[in-house]
Amino acid sequence: MKAIRVEKHGGPEVLELRDVPEPQPAAGQVRIRVHAAGVNPVETYIRAGQQGYGAPLPYTPGGDAAGVVDAVGADVSGVKAGDRVFTSRAFTGSYAEKALASAADVYPLPEHVTFQAGAAIGIPWATAYRGLFQRARILPDETLLVHGASGGVGSAAVQLARAAGVTVIGTGGTDEGRQRVRELGAHHVVDHHAPDYLTRVRDLTGGRGVDVILEMLANVNLVKDFDALARYGRIVVIGSRGALEFEPRLTMRVDASILGMSLVNAPAPDLRRAYVAIGAGLDDGSLRPLIGRELPLAEAARAHREVMEPGSAGKIVLLP
Ligand code: NAP
């Protein structure tokens with residue numbers, strides 16, 4: 001079968017399409033014929049071998065996939081060959097024609113949800129869900145700022161929060177991105193490159209500030225987030241790409257909480273609950289993963305370049 005292989009850490013050019021043997025499912029595992037694989041920023045950090053990230057070489061990148069189960073190992077119940085599924089934990093790598101996952105890590109993909117949309121769920125939707133409901137414990141009558149709403153995590157957060165009765169303000173860096181955020185249901189949309197945009201966010205809350213901020217670029221925004229935060233506000237740090245100088249007194253002024261989160265730290269029952277809730281919204285059609293671009297598997301290097309460029313308007317998916 002065809003798969004993307006990484007034999008040494010480096011730039012996107014180290015992603016190469018190769019012929020590799022088909023993986024065989026062991027007990028408790030299923031093999032998925034991958035129809036679409038989701039591309040996440042973390043896969044570029046691992047490919048580059050950034051500090052704190054890495055993988056034993058050689059490897060096939062990716063964990064997010066949607067497809068059809070084509071083989072099951074021993075002792076698997078509840079999933080069978082022919083089932084449409086999605087997963088965030090394709091442990092042999094999802095940038096491939098076939099991938100293995102633990103049967104416990106696959107979830108049913110409703111008939112009316114495309115494989116492309118299924119591949120966009122895994123990491124971004126669980127991250128958005130965990131940030132909102134398990135870390136910030138956001139409540140229906142609260143106000144949320146999704147700081148970076150046009151990308152994979154942000155576009156999921158806008159929909160999940162809106163469906164839960166939260167007032168949602170989303171940011172995007174381009175007209176196209178902001179238009180998408182509006183279409184997803186954000187009550188207000190602002191430009192995170194405009195000079196006065198956090199004053200505008202505060203104005204949109206009648207001067208009170210927002211209760212929760214989901215932060216996609218904390219090294220740039222964490223200090224100025226306090227310009228828009230209400231008393232007892234919570235900031236969930238989801239993305240950060242560097243260091244910053246910080247005055248801790250900022251947290252005292254409004255009794256703020258800064259909550260770190262990494263999806264890999266989510267306990268298994270929390271992760272399962274997140275996917276069950278997301279699955280219910282997919283099933284009734286209220287939640288719709290936003291697809292930005294579809295590329296053939298062979299163009300994985302281009303996908304890695306584009307996922308790190310500004311101007312997000314949804315998820316990049318690879319089609320084997
Ligand atoms: P993505 O699809 O590439 O989206 C990136 C988002 O960040 C876009 O909405 C982008 O907006 C926005 N952005 C760019 N500059 C910004 C700024 N100055 N202020 C606010 N937002 C800005 O990536 P993603 O999958 O949504 O992931 C977002 C971040 O979270 C990444 O850093 C990723 O590594 C991280 N992440 C963390 C976890 C975790 O477990 N903690 C899980 C998944 C992702 P424009 O392009 O419109 O400017």
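1. Tyr232 is a residue of strand S12, which covers residues 229-237; strands here are DSSP runs of type E with at least two residues, helices are runs of H or I with at least four, and both are numbered from the N terminus. Tyr232 has a positive phi of about 65° although it is not a glycine. Tyr232 is also exposed, with a relative accessible area of 54%, where exposed stands for over 50%, buried for under 20% and partly exposed for the range in between, with a 1.4 Å probe and protein chains only.

2. This is a predicted model, in which local features need pLDDT of at least 70 and side-chain atom pairs count only at pLDDT 80 or more, whereas totals for chains, interfaces and linings use all residues. Residues are numbered from 1 along each chain as its sequence is written, and side-chain values use heavy atoms, with hydrogens and water left out.

3. Asp255, in the loop between helix H8 (249-253) and strand S13 (257-260), has a positive phi near 50° and is a residue other than glycine. A cis peptide bond, with omega of about -10°, joins Leu57 and Pro58, and Pro58 is placed in the loop between H1 and strand S4 (65-72).

4. Which residues are the closest to the ligand? Of the 27 residues that surround the ligand, the closest are Tyr45, Ser150, Gly173, Leu263 and Ser312; a residue counts as near if one of its heavy atoms lies within 4 Å. By class, this shell has 12 nonpolar, 14 polar and one charged residues, with Ala, Val, Leu, Ile, Met, Phe, Trp, Tyr, Cys and Pro taken as nonpolar, Asp, Glu, Lys and Arg as charged, and the others, Gly among them, as polar. Helix H1 (41-48), helix H3 (122-135) and helix H4 (152-163) each supply at least two residues of the shell.

5. Why does the ligand lie between two domains? Domain 1 (2-121 + 289-319) and domain 2 (124-264) both give residues to the shell around the ligand, so the ligand lies between them; the bounds come from an automatic or database domain assignment.

6. The largest nonpolar core has 49 residues, and Leu144 and Leu214 have the most contacts inside it; such a core is a set of buried Ala, Val, Leu, Ile, Met, Phe, Trp, Tyr and Cys residues joined through side-chain atoms within 4.5 Å. H4 gives the most to this core, with six residues, and both domain 1 and domain 2 give residues to this core, so it lies between them.

7. Asp211, placed in strand S11, is buried, with a relative accessible area of 5%. The side chain of Asp211 reaches the backbone nitrogen of Thr143 at 2.8 Å, and a polar contact of 2.7 Å joins the side chains of Asp211 and Arg208. A polar contact is a pair of N or O atoms within 3.5 Å; within protein, one must be able to donate a hydrogen and the other to accept it, and residues adjacent in sequence count only if both atoms are side-chain atoms.
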